[in-house]
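Dear colleague,

I am handing over the structure that we discussed, and my notes on it follow directly below. Please read them with the coordinates open.

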Amino acid sequence: MSETAAASAEMHHSSTGLPSRKLLMWAFIGSECMLFGSLIITYLVYRGRSIVGPYPDELLNIPFITVTTFVLLMSSLTMVLALAAVQRNDMRQGKLWLLMTALLGLVFLSGQVYEFTHFVHEGLGLTTNLFGASFFLLTGTHGAHVFVGVIWLMTLFVLAVSGKLTSENAETVEITGLYWHFVDVVWIVLFTIIYLLV
Amino acid sequence: MRHPWRLLKSALPIFAIVALAGLVSGCGGPYPQSALRPASDFATSLDDLFQGIFFWAVIVFVVVEGALLVAVFRFRDREGKRAAEHVHGNTILEVSWTIAPALILVLIAVPTIRTIWEVDRPTTDPDALLIEAVGHQWWWEFRYPDLGIVTANEIHVPVGRTVDIRLTSADVIHSFWFPRAGGKRDVIPGHETHLWFKMDSVGVFPGQCAEFCGMSHALMKMEMVSESEEAFEAWVALQQKPALGTGDTAAPAEPEEVAEGEDVPEPQADPLDPELRAILNAGNQAFLGSGCIACHRIEGTVAAGVLGPDLTHVGSRRKIVAGILENTPENMARWLQNPSAVKPGSLMPTMPLDEDTIRTLVAYLESLK
Amino acid sequence: MSVSQASHDSAGTTAVHEGTYSGGLWSWVTTVDHKRIGIMYAVFAFFFFLVGGLEALLIRIQLGSPESTLIDPDLYNQLFTMHGTTMVFLAVMPLSAAFFNFLVPLQIGARDVAFPRLNAFSLWVFVFGALFLNSSFLFGGAPDAGWFGYANLTSTQYSPGVRIDFWVLGLQILGVSSIAAALNFIVTIINLRAPGMSLMRMPLFTWMTFVTSFLLILAFPAITVGLVLLMFDRTFGTSFFNPAAGGDVLLWQHLFWIFGHPEVYILLLPGLGIVSEVIPTFSRKPLFGYPFVVYSGILIAFLGFGVWAHHMFAVGLGPIGNTVFSATTMLIAIPTGVKIFNWIATMWGGSLRFKMPLYFAVGFIAMFIIGGLSGVMHSSAAADLQQTDSYFVVAHIHYVLFGGVIFALFSGIYYWFPKITGKMLSEGIGKAHFWLMIISFNLTFFPQHYLGMHGMPRRTFTYQEGLGFEAMNLMSTIGSLVLGFSILIFLWNVFHSLRKGESAGPDPWGGATLEWAIDSPPPHYNFRVEPTVHSRDPLWAEGGLDVDVNDPTAPEPHMPSPSLWPCILAFGLVLAAIGAVAKTLLVVLLGAGVVVVAIYGWAFQPLER
């Protein structure tokens, strides 16, 4: 995970003083904002345009999702703790918090799987109506991002366990964190738009 | 070193080509479908606007291309020419060539916005004639809801009267365009769009679909007949009648069994001559027997299909097959033999019709004036 | 000029330079060198430019006479769809990417891009994606719903079969390539500039690459979402674009054009950058109004996101929408004009050397003005009701994209060919190419303005006799054939010059930017010693560069090792797409498996071995 061009780095680490990989992640997040923005626009355009049920107000379980939202928010906190631990080379804590972050992400994903299954039981499939299609696509895309994040965190955890992750790789953990926090922030927006503005 | 004029000479062919292109393009004609020959209030507004913008475009073209040419010829490297001075910019110049185009754009924007607000709002004319146009792959259905008329690919409008066209689509997106009547308006499934105009001259105007809509998009044409109020009324009266051979031209009823002693009713005379009656009867049979009725409607008969064009007065139309063929018996026969050969991808299937049936059907359809 | 030629004195270093392109096929497949990647981009893009051109010629031959039956509508619709798709995604964008790759690191004084393997990945995704898209011709036909693919014509109801599936997946794959490349160039330009090269000292081409890269990462997600919605409709039976179930077909148009209009500037801005490099060099005078040219490029890109609905003036947006989008569209004319005026002002008072790059640059300006002016005509929503979807628009886009972009790209090819290959292109053959191309270009496209105004809709496989379209169409067809021939002359020039061309030396034109300080072709590490930049035109400064960037006594820099993982990863993506088109879950999973393995292989392979 050391994509930074060594050759270039050899000449001058960076013109801005920022690591190139971090800039890459920021630019990628900019692009992702447009991706989620377009999906959110699609969801909003189709709000209230389903011509058959079930409709959102019959299905959305706000208390349940509030809990999983809280879990995901907590994972941002553990992510911060993980980075701080790795930066001070406290790999025991670092491992713990990386694992915790991944597990909290998994809990959130399980919540989503439960919610999807519940919706399907209630008669809302992907093709049932526009709400189903735009809801599953939007939250599913977010869920896929969480899933990628969990795999990424697990990989870092395995590396840490095998001793290959040390404070020298703090930058890698920091970039993982950037991604993870971004995915969390997107969820706050989705939670507001899908569940609170129902 | 080359003389600058040599470059000018070598640049001549390009000017010659542009001039030639303009010349050849300008003549020819008569361009029956040209947006540059407006024949309605709508088309005239757009053309006036276009001419105004074109005027400014020509001025900008001459000034900027002129400046480019002067720069190219005047500042060529020559022997003894002193080295270029390294000038980095000039703020006053920058400001002026920002403001000058902005001013020209204002001069374009003002009439643009005025025209937008003139043509993009619903018509306020209370006497407007409402016509519904429905786009189909690849033909046009026209309905006059207030007059009870349904026809296809040919629209009749009274000159000097506002026509309000309500556009919907039966399948994919199309675009309604009679260039001489004005700009185009997309015909969108799930949406209703509008267009209105008032023709200011009499004539037949071609139009066609302007949004790519599949295989035979290029063959989705139509015609507008702009005519005097009297001619229009006559056309309306004709179209409102049920199909020939039905209604008041229906065959007289067979005399019923009459009881003994009653007066035998006078047998009614057939309003049509026997030859035409025979054509209609045979055609009607063939029309029923060949499956045509699954998609086509003929008012007054059992044919009530809605997928294809209404054929009640198909014989009265100038053209057939979405305006690409003259309405002649030969063309009609060609179409019936193999629709996909005339209009590739056509939804009308090739029916297994023998020569005789085709002849009967053609005679029948052509008689439906 | 203090640029030392010393490197040629040592046989050893010269061998290294020749080694820039040596090595077998395998060394090209696994390369991570931005120069080799740039060359491969150029070769593949030019190949697809020829394919797209051939499609255009078939289209023109069909339209040469009224009611022609040479090409049936089914094939015609595939041809015009693939012509547009190919030229936009497989020819012009990758040709620009070829220039980005080869030049940006050289212009900013770097040894490579920030992420060399990601760069190789972008290339291979483009190559495999392009082949995937074109393979559709062999499997049931190519996409045939237009390069804009308006819903609901693209639904399974109106477009059964796999044609549209190829298009949907192909464009998503190409989007991955573009976004990956753009991210790379953003970071490269932000972070790998030589000391002293502040943003406002960057060469204009690098600037426009920078702006274009932002457009790419911000515009592509919109079409990606549109394509995903369409894919869901086609594959899983959702109703995003099905009006019968409440779906809105106009949502596609909004998503497509929110991408599509910035895409126009993605195609155009690199060309503007090239011309902004060529004109100063051949005027022997710095670019006039540098900051204004830079800011106008940024402004064009920024405004480009606020004008998408001008492609939809005929859908009935209502007077408010049409007014707003007319106004924003007109605004774009201002920064565009500023650029043109600054180029003319750069030539003004200069000492113009008419070499081929300048011929094409001036041809570009002359044609681009015409395209810009017809663009202003479209910006007027009301006037556009007559023009939109007619041949007038076909004329307009070709004046912008061919008269503009292609002329600019040829200017760039003639300008940088010596740097890339070490050989000069022939000026004599070049002149024949230029004059034939500009004359036939006008012969082809100028009459189309009239065709459109006289009522010929675009995307029509034929036209009836009697509408007055015959003469102009014939003229256009003749022009297009000559235009095709002029491209062959260019190819001859390339082959001729590669074998017999004059040797170029490091700086054949007296350029001002860093790439001219090193050998042609550059050694694989570009700069042996890192340059320091003190001005916008470092090689024109008094005394030139203050270090010898080619100093053979300096230690030879270590460069990243070749890697096959980017190519494997790209292959995995396309394999998954093949599975999706073939509706074979197993192949999709296999492709996904390859992707996962390749990501891990890549991540754990050290950059240098």
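**Where chains B and C meet**

The contact between chain B and chain C draws on 83 residues from chain B and 84 residues from chain C, two residues being in contact if their C-beta atoms, placed from the backbone, lie within 7 Å. On the side of chain B that touches chain C, helix H1 (4-26), helix H2 (41-74), helix H3 (91-119) and strand S7 (185-187) each supply at least two residues, and H3(B) gives the most, with 15 residues. Helices (H or I, at least four residues) and strands (E, at least two) are DSSP runs, numbered from the N terminus. By residue class, that side of chain B divides into 51 nonpolar, 19 polar and 13 charged, where Ala, Val, Leu, Ile, Met, Phe, Trp, Tyr, Cys and Pro count as nonpolar, Asp, Glu, Lys and Arg as charged, and the others, Gly among them, as polar.

Please keep in mind that this is a predicted model, in which local features need pLDDT of at least 70 and side-chain atom pairs count only at pLDDT 80 or more, while totals for chains, interfaces and linings use all residues. Residues are numbered from 1 along each chain as its sequence is written, and chains are lettered from A and ligands numbered from 1 in the order in which they are written.

**Helix H7 of chain C**

The 33 residues of helix H7 (residues 204-236) of chain C should span 48 Å at 1.5 Å a residue, and the end C-alpha atoms are 47 Å apart, which agrees; the expected span is 1.5 Å times one less than the number of residues. H7(C) bends by about 25° at C:Ala219, and a proline, C:Pro221, follows within four residues; the bend is the angle between axes fitted to the seven residues ending there and the seven starting there. After H7(C) comes C:Gly237, whose phi is positive, near 85°.

**Backbone points to check**

Most residues other than glycine have a negative phi, and most peptide bonds are trans. Phi of B:Val321, however, is near 55°, and B:Val321 is buried, with 25 other C-beta atoms within 10 Å. Phi of C:Lys583 is also near 55°, but C:Lys583 is exposed, with 11 other C-beta atoms within 10 Å. The peptide bond from A:Gly53 to A:Pro54 is cis, with omega near -5°.

Best regards

Definitions and conventions. Buried ≥ 20, exposed ≤ 12 C-beta atoms within 10 Å, placed from the backbone.
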